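Work through the exercises below with the sequence and the model side by side. Try each task before reading its solution.

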Amino acid sequence: MNPPSPPTGARPAARKHFSMIRGFHLADFFTLGNAACGVAGVFLAMAYMASQSVTQFLWAAALAPAAFVFDVFDGRIARWRQTHSSLGRELDSLADIISFGVMPAALGFAAGLDGGWDCLLLIYFVCCGVSRLARYNVTAEALSEGADKVKYFEGTPIPTSVALVGLLALAAWQGRIGDALWGGAWMLGPWQLHPFSLVFGLSGSLMISKTLRIPKF
């Protein structure tokens, strides 16, 4: 049986317009600060490759902990003001993949991890970060068990890549990037591998681990 037709001349219900700016909460602006730090870090990494100015590399590395500070505060402000939203959650994930996925990989490449195997490991690292965040968004409600926030992380959180950036910054400070990168380089088949890039591979694998559980405080 077909549903009754609407009365002649009746207009369909107007779809409510989604205003992005009016939909933002205070915490979301901190999230955008996180994303801005990540993008600026990528730009500085590219600028370093053109100028070879270690100062630019160190400034890029310094933006990783700055992004982490924004990331911490956006969550705390959201809980304080009780302004959790699906928009905020998506913003947070997108900002994190820029600041803690793409930017560390860009810094690694700029530091000299530019061999074929290195690039594969850097791509793997970023893909693990994307997968980690997607899994978190899907499982966060189940992991919270009715509480306001999740009780533990499955795999290491993506902001732990700040430690990788710290290692790169230390190497740059000591003049050990480029041809002098820690660990040297190996030729494996047709491509070059810098052992340092294995740290990115390890970090990515820990992020997507299902058995590793880290309590969230």
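Predicted model: local features only at pLDDT ≥ 70, side-chain atom pairs only at ≥ 80, totals over all residues.

Residues are numbered from 1 along each chain as its sequence is written, and side-chain values use heavy atoms, with hydrogens and water left out.

**Exercise 1.** Find where Ser99 sits and decide whether Ser99 is buried or exposed.

Solution. Step one: locate Ser99 in helix α4. Helices are DSSP runs of H or I with at least four residues, strands are E runs of at least two, and both are numbered from the N terminus. Step two: read the relative accessible area, which is 1%. Buried means under 20%, exposed over 50%, and partly exposed in between (1.4 Å probe, protein chains only). So Ser99 counts as buried.

**Exercise 2.** Which backbone nitrogen does the side chain of Ser99 reach?

Solution. Step one: list the contacts, meaning heavy atoms within 4.5 Å. Not counting residues up to four places away in sequence, Ser99 touches Asn34, Ala35, Cys37, Gly38, Ala67 and Pro104. Step two: look at Gly38. The side chain of Ser99 reaches the backbone nitrogen of Gly38 at 3.3 Å.

**Exercise 3.** Classify the aromatic pair of Trp182 and Phe196, then say what it ties together.

Solution. Step one: apply the rule. Rings of Phe, Tyr and Trp (its six-membered ring) pair if their centres lie within 6.5 Å; planes under 30 degrees apart are stacked, over 60 edge-to-face, and the rest tilted. By this rule there are 6 aromatic pairs. Step two: Trp182 and Phe196 are 6.1 Å apart centre to centre, with 45° between the planes, so the pair is tilted. Trp182 lies in the loop between α6 (162-173) and β2, and Phe196 in the loop between β3 (191-193) and α7 (197-207), so the pair ties together parts 14 residues apart in sequence. Step four: compare cover. Trp182 is partly exposed at 21% relative accessibility, while Phe196 is buried at 9%.

**Exercise 4.** Where does Ser93 lie, and which residues does Ser93 touch?

Solution. Step one: find Ser93 in helix α4 (residues 86-111). Step two: at 10% relative accessibility, Ser93 counts as buried. Step three: leaving out residues up to four places away in sequence, Ser93 touches Leu133 and Asn137. Step four: check Tyr136. Ser93 and Tyr136 are 43 residues apart in sequence and 9.2 Å apart in space, C-alpha to C-alpha.

Definitions and conventions:
Polar contact = N/O pair within 3.5 Å; in protein donor to acceptor, adjacent residues only side chain to side chain.
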